[in-house]
2 protein chains.
Amino acid sequence: MRCTGLLLFPLLISHAVKALDNGLALTPIMGWLHWARFMCNVDCDADPDNCISERLFMQMADVMVKEGWRDAGYEYVCLDDCWPSRRRDASGGLQADPARFPGGIKRLADYVHSKGLKLGIYSDVGAETCAGYPGSLDHYEKDAQTFADWGVDLLKFDGCNMKWTRLAEGYRNMSRALNATGSRMVYSCEWPLYEWDFHKPNYTAVRETCNQWRNYADVYDSWSSVKSIAEWTALHQDAVAPWAGPGGWNDPDMLVIGNYGLSHDQQESQMALWALMAAPLLMSNDLRSLCPRAKALLQNRRVIAINQDPLGRQGYRTATLGSFEVWERPLSNRVLAVAVRNKQEIGGPQKLPIVKVPGWRTCGSLCNVTQILPQYKELGVQRQRTDLAVAVNPSGVVLLTFHPILD
Amino acid sequence: MRCTGLLLFPLLISHAVKALDNGLALTPIMGWLHWARFMCNVDCDADPDNCISERLFMQMADVMVKEGWRDAGYEYVCLDDCWPSRRRDASGGLQADPARFPGGIKRLADYVHSKGLKLGIYSDVGAETCAGYPGSLDHYEKDAQTFADWGVDLLKFDGCNMKWTRLAEGYRNMSRALNATGSRMVYSCEWPLYEWDFHKPNYTAVRETCNQWRNYADVYDSWSSVKSIAEWTALHQDAVAPWAGPGGWNDPDMLVIGNYGLSHDQQESQMALWALMAAPLLMSNDLRSLCPRAKALLQNRRVIAINQDPLGRQGYRTATLGSFEVWERPLSNRVLAVAVRNKQEIGGPQKLPIVKVPGWRTCGSLCNVTQILPQYKELGVQRQRTDLAVAVNPSGVVLLTFHPILD
C-alpha cells in the first residue's frame, strides 16, 4: 500500500488570478458537442441522419428539450469542425456549407434559442481548421463579429495550423475580438494543449483569456483514452488544477458516455472523474438513441450537483492504495466529494476501508457518508474509526460525499 | 485501402498430424472456468459468496442447468488455481483445501455429474502452481490417478515454475499418465505459451499431446486485453491456425463477457472472434448475476453453431481494409463465416461494402447472406456485384454467413 503525499495541501492552494471577465461559465458549462460521435461526416447523401447539417443540430435541440437534458442543465448545442463552406463569402466572412446548412447559422441559432438552449460554434486560431476548412487567422475581428451577428453563444477555438510561438497572440486577439463585439460568448480554447509539446503553458494568461481550455489529447470512444486523460490530469494536477475556478476551467474533453466503447462501469468512472475535475460536461453521443442507463447516468442530478458546485474548486488525486486510486474535491459547506476507482481490470469487486481515504481525516469525529454512484445509498453517520468499506468494481468507481458533523 | 495477401490460401492448408487420441474435444469444449472472475479469492470468511469453494462451483452448476447453459452446450465446470490444500496428504496425494472443499473433489465431481455436467481441475507441470500451491512435478502418475479416481473430466495444466527446456517432457509425461488411467480427461495445456518466449513451439508435438493449448497471455477484463489476443493470433495465424481441428484446439483463453470491462459491442466482438478462431468457449463470469444481454449473447445458438462447426477449421484474418479487418472461417457445407470488425474507436457506425470481403469471391454468382450479430437478419440472395454493405459500430463486429448457391 502506497499513499502519495499530496494529502490536503493542494486543496488549500488557489490562484487569485482573475478569470476572463465576461461573466460566463461561473460553473463548468454543460451541453452537447458533435465531434467524438459525428466527426467530419459531411456525406448527407449517403448518411442523411448523421451528417453535419442543420438537421442534426435541430434534432439534438429537440431531444434536449423533450427528454429532460435542458432541465438537467445541459444548455449548449455545439458545432465542431466541418460546419463551414470551403470558401469565405464575397465579403471575406465565414459561411456555413450551403447544402448542409441551407438556413445558415443565424437560423440555426434562432431555432436553438427558441428552445431555451444556446449555440456553440467552432473555428481555428490558424489559417485552416484541423479538417482543412477556413480558419480565423487574419480574420479574428471579422469572424468574432460574424459569430456575434449570428447570435452564437460559444466559440470552440482550435489550434491546428499555427506555429506554437504565435498561439498566445492568436488566442488573446480572438478573446479581445469576442469581447469587443459586446456579445457574451463562452470562449473555449485549445491553446495549452498545443503548447505542452514545447513548454509549460502560462496558465495565468490562459485563465485571463479563456473560459475553458483543453490541456491534453482528444478523447476517443475507449476506456484507454478516458484513462489516459485522467492519468495525465493526475500527473499534472499541481500545474493545472489550481487554475480552475468560476469563469475558467480545465477541459478534459467530451463525455463519450452512451457510445460504443465504454462498459457501464467505465461510463460511471468517466462521469465521476469529470465531476471531480470540475470539467465542462459536453456530451458527444447520439441523444436520439441513448440507452436508458447511459441517460440516467448523464442526468444524475447528484453527480451534476458535484460538478456544478458553486465553490468551483477542481479536485485532486489524493492517494494511490494498491489497485485503488482516490480523487477528492472540496465542495461548498465543507462537504468533500470522493471518488474511489478500482484500477484492477480482472476479477470481481474489491473492498477499500473508508478510513483509508485521505479526506476521511477532515471529518472530525463524525461524518455523514452518502454514496452517489453506482447507486444512491445513505451510508449513515460514521465515526472516525468506522469499519465501513466500499466495494468497487474492476474499472469502476464509487462516488461518495462526506458531510462533517460538527460536535 | 490495404488488403493483406493471405486470401484463401491458408484456408486450404491443414495439418494431417493426429490429435491426441482420447476421442475428446472433437469440437471446441464449452464451459465455465473460475479464474478471470474469481481469481485466487480464498477468503471465505470475508467473502463467502465469491471465494474458491465447493459452494461456488455447486452454485454455478445449479445455474448452468437452471438457466439454459447446459442446454446451450456449456458442459464443463472448471476449477482453476487455488483449489488445493497447501500440502499433499500423508500418501503424497493432492487434496482440496479442507475448509473450502469439505466434501473433497470427489463429492463435487459427483454433484456436477448429477447435473449432467463435467468437472475440470487445475494443476501445474512444475513443482508449484502459479499461485504457489503444490504442483505436479514428480507426481504426474499419482496426480493423474487421483484426478481419475475423483471422476474429473478435464485437467488444465499450467506451466509456472518449470524450466522451459523441460516443458515438453513434463507435458508429454502428464498426457501419458492421464491416458494410462483409462479415464477420459480433456487435457488443456499452457505449454506453447511458456515456450514462445524462447522459440517457436513444436505444434506437431503439442497437438499429439494436448486437446487444447494456450499460446498467449492471460485474458483480462478489458478490451485492450481481448484486442491484444486477437492481434497476436492474427500475426501468428500461419504458425498456429493450421494445427486446430477435431481433438486439438488453439485456446485464446476465457470469454470475459458479462463482467465489468467490455462494452456490449466489445462483448459481441469477443464472441464473434472466439467463434471464428474455433476457440474453446470457457466463460469466466458470475453466472448468478449476469445481465440479460450478455446471457443472450453467450447463449446465441447461431454463434455457438459457428464455433462448434464439425469441420473444425480455425479461421483467419483475411483482410485489413482501412479501419476494418475481416476474419473468415470455412464451415461445413461450403458455408463461410465472416466477421467484419471496425477497429475505429471514435465516431459512429462505418459501412463496408460486402464485395470487399475476400471470401465473397467464393460465392460464385449467387450467395445467400445472413447476419448473425449484432442482430439476426436475413440479408437475402446477393449477386457477385451486390451493393450490400454492412454497418459496423466502433469496436464492434458484424458476424455473417455466406451460403453459396449452386447455379
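**Terms and their grounds**

Tutor: We begin with the contact between the chains in this predicted model. Chain A contributes 23 residues to the contact, and chain B contributes 23 residues.

Student: How much area do chain A and chain B bury between them?

Tutor: About 1,900 Å² is buried between chain A and chain B, with 57% of it on carbon and sulfur atoms. On the side of chain A, the residues that lose the most area to chain B are A:Tyr260, A:Glu345 and A:Ile346, which together make up 36% of what that side buries.

Student: Which helix of chain A gives the most to the side that touches chain B?

Tutor: Helix 2 of chain A does, with three residues. That side as a whole divides into ten nonpolar, nine polar and four charged residues.

Student: Why is B:Glu54 called buried?

Tutor: The relative accessibility of B:Glu54 is 9%. Buried means under 20%, and therefore B:Glu54 counts as buried. This residue is found in helix 3 (residues 54–66) of chain B. Leaving out residues up to four places away in sequence, B:Glu54 touches B:Arg100, B:Phe101, B:Pro102, B:Gly103, B:Gly104, B:Arg107 and B:Leu108.

Student: Which residues of helix 5 of chain A are buried, and what covers them?

Tutor: In helix 5 (residues 104–114) of chain A, the buried residues are A:Gly104, A:Ile105, A:Leu108, A:Ala109 and A:Val112. Their cover includes helix 3, strand 2 (76–78), strand 3 (118–124) and helix 6 (140–150) of chain A. After helix 5 comes A:Gly116, with a positive phi near 80°.

Student: Which residues have the most contacts inside the largest nonpolar core?

Tutor: They are A:Tyr74 and A:Trp83, in a core of 114 residues. Helix 3 (residues 54–66) of chain A gives the most to this core, with seven residues. Beyond its neighbours within four places in sequence, A:Tyr74 is in contact with several residues, including A:Met30, A:Trp69, A:Leu117 and A:Ile304.

Terms used:
Residues numbered from 1 in each chain as written. Chains lettered and ligands numbered in written order. Predicted model: local features only at pLDDT ≥ 70, side-chain atom pairs only at ≥ 80, totals over all residues. Heavy atoms only, no water. Contact = heavy atoms within 4.5 Å. Buried area = accessible area lost by both parts, 1.4 Å probe. Helix = DSSP H or I, 4+ residues; strand = E, 2+ residues; numbered from the N terminus. Nonpolar A, V, L, I, M, F, W, Y, C, P; charged D, E, K, R; others polar. Core = buried A, V, L, I, M, F, W, Y, C linked by side-chain atoms within 4.5 Å. Buried < 20%, exposed > 50% of the residue type's maximum accessible area, 1.4 Å probe, protein only.
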